[in-house]
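Hello,

Here is the structure I promised to pass on. Please open it first, then read my notes below.

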Amino acid sequence: MEQGTQNGILFLVLLVFFRIFLFASSKIVLVNCYLNPFIYAWRIPIYRRAPTAVFSGCVRLPRNTVSIVMQKLAVNRSDHTGNINSLRSDGSLT
């Protein structure tokens, strides 16, 4: 074989090896990112309680929370001067 052909084959082998390496390393990084929160929660008790404290208020909303907020918005609906009569029914200013 010629020297150029051997170099070309070596280059292709290295290219295939490098692509396999990139594929495998990207999967390892991805699995690491997925497992980190669980490992932190398992090892650090404060980290385990933090998501519970953050999301505990989001889950326990009363059933009529949206209607209460909408009623408050309707009552407080006014322009910057505080004149509630200056708003049309479609929300634009007169």
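How much accessible surface does the protein chain have, and what share of it belongs to carbon and sulfur atoms? About 8800 Å², with 68% from those atoms. Areas come from the Shrake-Rupley method with a 1.4 Å probe, and for residues only the protein chains shown count as cover.

Some ground rules. This is a predicted model: local features need pLDDT of at least 70, side-chain atom pairs count only at pLDDT 80 or more, and totals for chains, interfaces and linings use all residues. Numbering starts from 1 along each chain as its sequence is written, and side-chain values use heavy atoms, without hydrogens and water.

Confidence comes next. The chain has a mean pLDDT (the predictor's confidence in each residue, from 0 to 100) of 75. Of its residues, 59% reach 70 or more. Helix 1 has the highest mean, 91. Helix 3 (residues 65–75) has the lowest, 64.

The fold has three helices and zero strands. These are DSSP runs, numbered from the N terminus: helices are H or I with at least four residues, strands E with at least two.

UniProt, in an unreviewed entry, places a "transmembrane region" at residues 12–35. Such annotations may be inferred rather than shown by experiment. In the model that stretch is 100% helix. Its end C-alpha atoms lie 35 Å apart.

Leu-30 sits in helix 1 (residues 3–43). Leu-30 is partly exposed, at 41%.

Best wishes

Note on methods:
Buried means under 20% relative accessible area, exposed over 50%, partly exposed in between (1.4 Å probe, protein chains only).
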